[in-house]
Amino acid sequence: MNPGPLLELAGIRAGYGPIEVLHGVDLVLDPGAVVALLGPNGGGKTTTLKVCAGIQQATSGEFRLAGRAVNGVSAADLARLGVCSIPEGRGVFPNLTVRENLWIATGTGASLAELEEVAYTRFPILGQRRTQLAGSMSGGEQQMLALSRALGTRPTVLLLDELSMGLAPRIVSQIYDIVGELAAEGLSILVAEQFARAVLPIATSAALMLQGRVVRTGNPAEIEEELSTSYLGG
Ligand code: ATP
């Protein structure tokens with residue numbers, strides 16, 4: 001039996017004060033899928049993720065999680081329902097140690113011991129650096145820390161914004177390999193990326209976002225082709 005979408009946006013409108021930036025966004029995330037949200041700067045990818053995380057409220061449209069309407073539900077309550085986001089820029093506290101950064105995530109109900117176990121099992125390098133200040137680690141290690149903090153809360157939906165930002169291509173592909181493993185373990189992942197190529201190998205489908213709307217969804221390679229020839233002059 002098809003369990004239906006895990007997360008669904010239908011006709012979502014949202015914005016900042018009087019300025020509407022999402023003009024009716026439709027998007028579906030199925031269980032275990034990795035949906036790449038692609039498109040040029042300013043198209044509304046980050047705002048879409050913010051709506052999914054409850055950080056930004058939709059002014060109209062329907063937002064459903066596992067078939068249940070969750071319009072107006074706060075970010076904290078969505079986190080309790082299993083929606084976890086890693087914002088653009090990773091959200092790591094540079095002046096806190098690895099361990100202290102993990103401790104911050106205990107606010108969502110996981111214990112520090114659980115968070116540390118998840119982090120150091122998947123990323124042994126973080127175990128070696130548990131007392132190191134996060135800001136003194138490489139960008140890739142900081143991204144591993146951000147992922148660990150998210151995973152420690154045992155989410156069902158992971159929202160990722162521009163994981164590739166500021167990272168060398170080799171590190172980006174390592175991080176996306178890990179994201180692919182998480183999806184294979186059953187996590188459902190929505191990832192906004194300006195650099196489509198980074199996320200393509202692990203995406204199950206892609207959505208092209210332009211000027212506040214998802215204009216096309218489909219096979220990741222086709223969407224990337226359309227993106228590079230039509231919108232980025234490639
Ligand atoms: P980027 O990759 O640059 O983050 P994006 O596709 O994620 O682009 P958004 O960040 O969602 O796009 O931005 C969509 C539009 O909303 C842009 O025109 C942007 O200027 C505007 N916007 C974003 N955040 C705010 C804010 N806090 N206040 C006012 N306008 C905003």
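Helices here are DSSP runs of H or I with at least four residues, numbered from the N terminus. The structure is a predicted model, in which local features need pLDDT of at least 70 and side-chain atom pairs count only at pLDDT 80 or more, while totals for chains, interfaces and linings use all residues. Residue numbers start from 1 along each chain as its sequence is written, and side-chain values use heavy atoms, with hydrogens and water left out.

Helix 1 itself is mostly covered, with seven of its nine residues buried. Buried stands for under 20% relative accessible area, exposed for over 50%, and partly exposed for anything in between (1.4 Å probe, protein chains only). The buried set in helix 1 consists of Lys45, Thr47, Thr48, Leu49, Val51, Cys52 and Ala53.

Helix 1 (residues 45–53) also gives the most to the shell around the ligand, with three residues. A residue belongs near a molecule if one of its heavy atoms lies within 4 Å of it. Around the ligand sit Tyr16, Val21, Pro40, Asn41, Gly42, Gly43, Gly44, Lys45, Thr46, Thr47, Glu88 and Glu162. By type, that shell splits into three nonpolar, six polar and three charged residues. In this scheme Ala, Val, Leu, Ile, Met, Phe, Trp, Tyr, Cys and Pro count as nonpolar, Asp, Glu, Lys and Arg as charged, and the others, Gly among them, as polar.

The backbone gets involved with the ligand too. A backbone N or O atom of Thr46 is 2.7 Å from a ligand oxygen. For Gly44, a polar backbone atom lies 2.9 Å from an oxygen atom of the ligand, and for Lys45 the distance from such a backbone atom to a ligand oxygen is 2.9 Å. Taken alone, the ligand exposes 630 Å², and the protein buries 61% of that. Areas like these come from the Shrake-Rupley method with a 1.4 Å probe; for residues, only the protein chains shown count as cover.

Elsewhere, Ser148 lies in helix 6 (residues 139–151). Ser148 counts as buried because its relative accessible area is 1%. The Ser148 side chain reaches the backbone oxygen of Met144 at 2.8 Å.

Trp103, by contrast, belongs to helix 3 (residues 98–104). Trp103 counts as exposed because its relative accessibility is 53%.

Conventions
Helices (H or I, at least four residues) and strands (E, at least two) are DSSP runs, numbered from the N terminus. A polar contact is a pair of N or O atoms within 3.5 Å; within protein, one must be able to donate a hydrogen and the other to accept it, and residues adjacent in sequence count only if both atoms are side-chain atoms.
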